[in-house]
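Dear colleague,

Please find below the structure that I am handing over to you. I would be grateful if you could read the notes that follow it with the coordinates open.

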Amino acid sequence: MKLRTNKHAPKILALAAIITLIAAGCSSTGNKDHTEIEQSLVENARANVNWPGTYQGMLPCAGACDGIATMIVLYPDNRFTLRTRKMGIDIKDKINEGRVSWHQGGSELSLIAEEPLPTSINHIRVNRDSLSLYQQPATAEMKPAPVELDKTGAVPIPPPTI
């Protein structure tokens, strides 16, 4: 008895493997669970993590908007730029600039700006590849679920000053 084989079987298997890998890579919702966040925590992130960079994510919005698109750029000289836009409401970004104030221990910081910042950006924990934003400092008794901003790139090169 002669066994029949499909000459396209290797190509079909390779294509199925590629589709499976792509689907697995796209299935992340972008939200990290609490265990994942705790595993990424770093002691003295200021000294032990390449923290300068661009961080982006979506903050919850109280009201009629669909969320607050947020981008924070942390510069090595302890400056920051914050861009926010209420999705479905704002036409252009709101931009705040200021300085970073590191808390004792070097893993948490606050953004100090002349203009008031959104209340959800009161307290920030620096992780390996993300920032955890808390409305208030986390304590041993109360650990509110943070909003995560993922690191999406290096610090953009600032334009030359004239």
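The notes below go from the overall fold to individual residues.

The model is a predicted one. Its strands form a closed barrel of eight, in the order β1-β2-β3-β4-β5-β6-β7-β8, and the pairing is antiparallel. On average, neighbouring strands of this sheet are turned by 30° against each other, with direction ignored.

Several of the strand pairings can be followed in detail. Strand β3, residues 79-86, runs antiparallel to strand β4, residues 94-102, and six bridges join the two. Within this pairing, R79 has R99 in β4 as its bridge partner. On to strand β5, residues 108-113: β4 pairs with β5 through five bridges, again in the antiparallel sense, and here G98 is placed opposite A113 of β5. The two strands β4 and β5 make a hairpin with five residues between them, and in its turn G105 has a positive phi of about 100°. Between β5 and strand β6, residues 123-126, there are two bridges, also antiparallel; E108 stands opposite R125 of β6.

The largest nonpolar core comprises 23 residues, and the residues with the most contacts inside it are I72, L74, L109, L111, I124 and L131. Each of β1, β2, β3, β4, β5, β6, β7 (130-134) and β8 (147-153) supplies at least two residues of this core. The strand that gives the most to the core is β2, with three residues. As general background, nonpolar side chains tend to be buried together in soluble globular proteins. For L131, leaving aside neighbours within four places in sequence, the contacts are Y55, I72, L74, I124, R125, V126, V147, E148 and L149.

A search of the whole structure finds one aromatic pair. The ring centres of W51 and W102 are 5.0 Å apart and the ring planes stand at 70°; because an angle over 60 degrees counts as edge-to-face, the pair is assigned to that class. W51 lies in the loop between α3 (45-48) and β1 (53-59), whereas W102 belongs to strand β4, so the pair ties together parts that are 51 residues apart in sequence. W51 is buried, at 7% relative accessibility, and W102 is buried as well, with a relative accessible area of 13%.

Three further sites deserve a look. The charged end of R79 sits over the ring of Y75, at 4.3 Å from the ring centre. N78 is located in the loop between β2 and β3, and its phi is near 65°, a positive value in a residue other than glycine. For comparison, most residues other than glycine have a negative phi. N78 has a relative accessible area of 19% and counts as buried, because the limit for that class is under 20%.

M71 belongs to strand β2, residues 68-74. Is M71 buried or partly exposed? Its relative accessibility is 22%, so M71 counts as partly exposed. Not counting residues up to four places away in sequence, M71 touches T54, Y55, Q56, T81, L82 and R83. The C-alpha atoms of M71 and T81 are separated by 8.1 Å, and the two residues are 10 apart along the chain.

With kind regards

Notes: Residues are numbered from 1 along each chain as its sequence is written. This is a predicted model: local features need pLDDT of at least 70, side-chain atom pairs count only at pLDDT 80 or more; totals for chains, interfaces and linings use all residues. Side-chain values use heavy atoms; hydrogens and water are left out. Two strands pair if DSSP finds at least two bridges between them. Helices (H or I, at least four residues) and strands (E, at least two) are DSSP runs, numbered from the N terminus. Axes are lines fitted to C-alpha atoms, for helices over the stretch in contact, and angles run from 0 to 180 degrees between N-to-C directions. Buried means under 20% relative accessible area, exposed over 50%, partly exposed in between (1.4 Å probe, protein chains only). Contact means heavy atoms within 4.5 Å. Rings of Phe, Tyr and Trp (its six-membered ring) pair if their centres lie within 6.5 Å; planes under 30 degrees apart count as stacked, over 60 as edge-to-face and the rest as tilted. A charge sits over a ring if NZ of Lys or CZ of Arg is within 6 Å of the ring centre and within 35 degrees of the ring normal. A nonpolar core is a set of buried Ala, Val, Leu, Ile, Met, Phe, Trp, Tyr and Cys residues joined through side-chain atoms within 4.5 Å.
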